[in-house]
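Me: I'd like to learn how to read the contacts in a model like this one. Could you walk me through it?

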Amino acid sequence: MPDIPKAYEPQSVEEKWYDFWLKQNCFSANPASTKPAYSIVIPPPNVTGMLHMGHVLNNTIQDILARKARMDGKEVLWLPGTDHAGIATQAVVEKSLRKQGVMKHRDDLGREKFLEHVWAWKEKHGGIIIQQLKRLGCSCDWARERFTMDPAYSRCVQKVFVELYRKGQIYRGKRMVNWDPAARTALSDEEVEMLEEKGQLWHLKYPLLDDKGQPGADEFVVVATTRPETMLGDEAVAVNPNDPRYTRLVGRRCLLPLQNKPIPVIADDFVDPKFGTGCVKVTPAHDPNDYEMAVRHKLPLTVVIGPDGRMTEAAGEDFDDLDRMEARKAVVEELTEQGLLLKTEDYVHNVGYSQRSHVPIEPYLSEQWFLKYPSVEKAARAVEEGRIAFHPDRWSKTYSHWMLGLRDWCISRQLWWGHRVPVWYRKSAQSSAPATTSASNIWCDVDAPPDSENWTQDPDVLDTWFSSWLWPFATMGWPEQTETLKKFYPTTDLVTGPDIIFFWVARMIMAGYEFMGEPESGLPPRFGLPDALPFRNVYFTGIIRDKLGRKMSKSLGNSPDPLELIAKYGADALRFGTMRSAPLGQDVLFDEKDVELGRNFCNKLWNACRFRQMQGGEVQGEINPQLLTSDDRWILLKLDQAIREITTAFAEYRFNEATQTLYRFFWSEYCDWYVEASKATLAASPQPSAVNPQSASVRANTVAVIDFILSHTLRLFHPFLPFITEELWHGMGYHEDMPENQGGSSIMFARWPKPLDKNFHDHYGLTDSVLAFVTAKFDLVTQGRNLRREGNIPASRKVKYVFKPAGELSAHDADVVRLLLNAEALEIQPGYQPGKGTPAVHSELGTLYLPLEGLIDVTAERARQTKELEKAETEMAKVEQKLNNPAFAQKVPPNVLAEHQKRLAEWQAKRDRAKAALEALDG
RNA sequence: GCGCGCUUAGCUCAGUGGAAGAGCACUUCCUUCACACGGAAGGGGUCGCAGGUUCAAGUCCUGCAGCGCGCACCA
């Protein structure tokens with residue numbers, strides 16, 4: 001690292017090493033490797049998407065896992081790709097084409113032309129998010145990038161459709177579905193968001209008809225509705241058969257206002273007599289329950305709201321072509337005029353909204369394709385019995401609950417962009433319209449029928465999730481039994497958000513069992529893999545929110561652009577800051593300050609290495625146990641502790657804990673204490689001197705300790721901070737002695753640090769007493785610095801401390817204390833007799849005085865000692881209370897008892913010293 | 001209605017039955033030869049409320065309250 005800049009400059013460094021990794025093929029996964037496999041498939045982002053903070057969190061975690069696995073000696077496959085996001089992409093392209101004036105509606109272009117435009121759009125924009133992931137440092141095997149509309153992948157989707165169709169799991173049916181009038185397509189139940197809304201409950205009067213079909217003078221049934229516009233399609237009024245108020249009405253007819261149509265009063269158990277008036281208007285074509293009732297009572301269906309959300313001709317002249325919300329107003333107005341609106345109540349209820357278009361869902365009767373979920377039982381048990389582990393585990397409850405109440409999945413979408421349903425209908429002889437749908441007239445196969453001119457393909461495409469549920473194996477070459485599948489399936493970890501637990505996670509597990517699992521009895525093995533499940537662990541990230549706790553969204557404009565953050569702070573900073581504030585299982589309140597913290601941390605790491613470089617000399621490999629200082633031993637112990645904590649945190653997917661440990665170890669322990677203390681030895685000349693023949697070799701030994709710590713620290717940091725660690729790994733020369741494939745070429749493959757074992761501890765004298773000694777030494781320093789503060793002595797003023805040791809204190813340790821106190825001198829005087837009121841602090845090592853010759857601030861000193869005294873007394877009281885409890889001594893473990901007794905003694909000693917000091921001040 | 005979270009320093013949050021923690025913000029001091037993207041010393045908490053278990057509870061149990069999120073066909 002020649003001419004090291006004072007501050008870390010990430011931009012050039014990041015680009016350089018990413019190119020290096022790509023050129024060296026560091027990310028490519030080799031199925032022929034003998035190393036154990038580790039694999040992740042990326043949750044495919046939308047092909048037209050842009051990187052947002054959610055991606056940053058999600059993909060940083062995956063990259064951390066992948067990089068850690070490489071350092072653990074695994075053969076790693078992180079398989080990237082994108083999905084085609086049917087509705088979203090089609091909507092974006094349609095909007096753009098309209099804006100350009102290319103079309104008004106896609107029908108203007110026709111299916112083929114329109115799809116050409118979408119593909120062109122995909123070619124232009126589809127790579128953006130992939131490039132952005134690279135900026136973040138993601139170590140995906142890019143050669144294996146997949147897209148859900150790739151020809152091979154599309155064939156997987158079709159094959160799966162055909163298989164399930166032939167097994168009877170997929171069927172076509174006319175059903176009431178969730179219709180998105182903006183996107184003009186059916187949606188699955190999961191794509192409907194129930195939102196609480198303040199609405200109104202309108203009470204409508206329907207005049208009853210007498211025997212002659214004439215409205216009675218004053219006879220009405222009153223129905224309540226939240227959607228008055230649907231009354232135009234009413235076909236009955238229903239009451240509960242056991243409701244005494246209305247039994248006499250059943251069988252009579254009433255007049256549907258506005259339409260002037262007689263409709264029957266029917267009896268149905270569905271009606272809850274206790275709700276509202278106990279009379280329900282029945283709109284068969286626009287409400288799922290009403291539809292069921294209509295089927296039971298053989299009522300006709302009148303469609304008054306069309307697929308575009310506008311009223312149809314059947315709604316009557318006055319309402320035809322009105323938007324459904326305008327129609328609502330118009331209907332209410334008209335009914336009011338006719339005196340048929342009894343009352344309007346405020347009413348809070350839940351309204352289904354399209355998760356895609358954010359418009360209210362319209363229940364809509366249409367012909368759709370449905371899937372009876374396959375392998376549900378196996379998929380449910382896999383999670384319940386722990387073969388797939390959720391992190392945090394609580395999501396498994398959500399999963400199980402969902403698996404219990406499954407309804408058939410509506411998989412067809414009325415779009416053009418997507419996998420077209422592989423079903424053809426035989427054209428009738430007379431026209432090109434599909435003939436009756438009997439078996440011989442339907443062709444369902446991956447390939448079109450040979451006489452395709454006699455057939456018409458189903459116009460619908462499949463739900464995007466119907467393709468992405470195959471992602472873990474369809475990306476690896478299924479249905480061929482590829483080497484990749486053999487090596488890397490099942491995958492190890494999946495990282496995703498809990499919001500797609502139903503959409504994706506559950507369905508992937510089902511698909512795993514259905515298509516990768518054991519064959520049904522009697523059939524030859526279809527796939528020779530031992531395990532069907534698609535992954536073993538699922539890590540659920542939190543949702544990234546802004547610092548006010550709001551979800552990030554384009555419309556709020558509260559979503560920072562990660563690329564701007566990378567440009568400003570560096571990718572490592574963004575990764576570290578995000579991970580540090582993202583606890584397992586909780587939402588993340590993102591604040592740019594977090595990224596700033598990440599940048600500051602990188603700068604600290606940079607400068608710590610720079611400090612080492614300034615000490616000169618080659619990388620020091622060997623540490624001589626004979627020459628270790630107490631500080632050297634202390635930092636080795638702290639490193640050991642950090643390695644253990646971080647390794648455990650990784651095993652439990654507690655990444656924020658790992659980053660916090662790293663932060664604490666490196667900043668608070670290594671930089672704040674060890675580096676400062678090491679300056680005592682580093683100040684010596686690197687050349688042997690006559691005065692102190694050992695100082696040069698002690699100095700070299702300290703440099704060796706620094707190299708040991710830094711080379712370990714860089715490896716511990718690598719999964720979080722890939723760029724700066726690679727830069728420093730090479731810059732510091734730590735790669736030089738490593739085997740080529742274990743850190744010699746890249747820190748990516750350096751071995752993950754192991755905890756320092758017992759032999760190491762014994763060999764280097766890493767003992768509890770060293771730990772206690774150095775802790776006490778540093779405590780003495782903190783107290784000594786406090787003396788200076790309390791006495792209002794500026795840091796710039798050189799002062800002399802006097803130390804009265806309780807035992808032995810080596811010259812080195814005394815020098816460290818002097819240095820850390822920023823003292824001109826530290827006089828060791830075992831028999832020191834302080835003058836009256838000399839400020840002093842105590843530690844296990846002895847008493848430290850700050851003699852100030854006539855400059856003692858008696859008031860300040862008294863205040864300080866009084867505070868000490870009070871603190872000691874309250875702490876004593878706490879411990880005494882416990883110890884005085886007879887049950888305590890009997891039941892508590894001996895070590896805890898001993899610890900409490902020791903604690904009491906310590907506080908007593910402190911109290912006594914504070915008392916004495918106060919008396920001395922007054923005396 | 002059912003389920004799941006959350007409630008700890010001014011803010012954002014860690015905390016795994018045995019002395020209340022971090023970052024930011026705040027106060028004071030320091031441009032000392034790694035770093036002002038820095039250093040030092042401080043101030044600041046009846047751990048949402050009420051019970052219970054325990055020698056010992058921020059931590060375990062039971063209620064309650066507030067906030068958030070799922071799921072649920074009641075017009």
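**Charges, rings, strands and RNA**

Reply: Let's start with a charge and a ring: the charged end of K122 sits over the ring of F147, 4.4 Å from its centre. "Over" means that NZ of Lys or CZ of Arg is within 6 Å of the ring centre and within 35 degrees of the ring normal. Before going on, note that this is a predicted model, where local features need pLDDT of at least 70 and side-chain atom pairs count only at pLDDT 80 or more, while totals for chains, interfaces and linings use all residues. Residues are numbered from 1 along each chain as its sequence is written, chains are lettered from A and ligands numbered from 1 in the order in which they are written, and side-chain values use heavy atoms, with hydrogens and water left out.

Me: Which ring does the charged end of K68 sit over?

Reply: That of W752, with 4.9 Å to the ring centre.

Me: How do I read a pair of aromatic rings?

Reply: You describe it by the distance of the centres and the angle of the planes. Here, rings of Phe, Tyr and Trp (its six-membered ring) pair if their centres lie within 6.5 Å; planes under 30 degrees apart count as stacked, over 60 as edge-to-face and the rest as tilted. A search of the whole structure gives 55 aromatic pairs. One of them is Y18 with F723, tilted, at 6.5 Å centre to centre and 45° between the planes. This pair links distant parts of the chain, with Y18 in helix α1 (residues 10–23) and F723 in helix α21 (residues 722–731), 705 residues apart. Helices (H or I, at least four residues) and strands (E, at least two) are DSSP runs, numbered from the N terminus.

Me: Are Y18 and F723 buried or exposed?

Reply: Y18 is buried at 6%, and F723 is buried at 1%. Another tilted pair is Y832 with Y849, 5.0 Å centre to centre and 55° between the planes. Y832 lies in the loop between β27 (825–828) and β28 (840–843) and Y849 in strand β29 (residues 846–849), so this pair ties together parts 17 residues apart in sequence. Y832 is buried at 12%, and Y849 at 9%.

Me: In what order do the four strands of the open sheet run?

Reply: Two strands pair if DSSP finds at least two bridges between them. The order is β6-β5-β14-β16, with antiparallel pairing. β6 (185–187) and β16 (409–410) are the edge strands, each pairing on one side only. Strand β14 (residues 362–371) pairs with β16 over two bridges, and F370 has C410 in β16 as its bridge partner.

Me: And which residues come nearest to RNA strand B?

Reply: "Near" takes one heavy atom of the residue within 4 Å. Of the 58 residues around RNA strand B, A224, D272, F275, W667 and K891 come nearest. Helix α17 (residues 592–614) gives the most to this surface, eleven residues. Of the RNA strand B atoms within 4 Å of the protein, 60% belong to sugar or phosphate and the rest to bases. For instance, an N or O atom in the side chain of N289 is 3.0 Å from a base oxygen, whereas the side chain of N603 has an N or O atom 2.8 Å from a sugar or linking oxygen.

Key:
Buried means under 20% relative accessible area, exposed over 50%, partly exposed in between (1.4 Å probe, protein chains only). A polar contact is a pair of N or O atoms within 3.5 Å; within protein, one must be able to donate a hydrogen and the other to accept it, and residues adjacent in sequence count only if both atoms are side-chain atoms.
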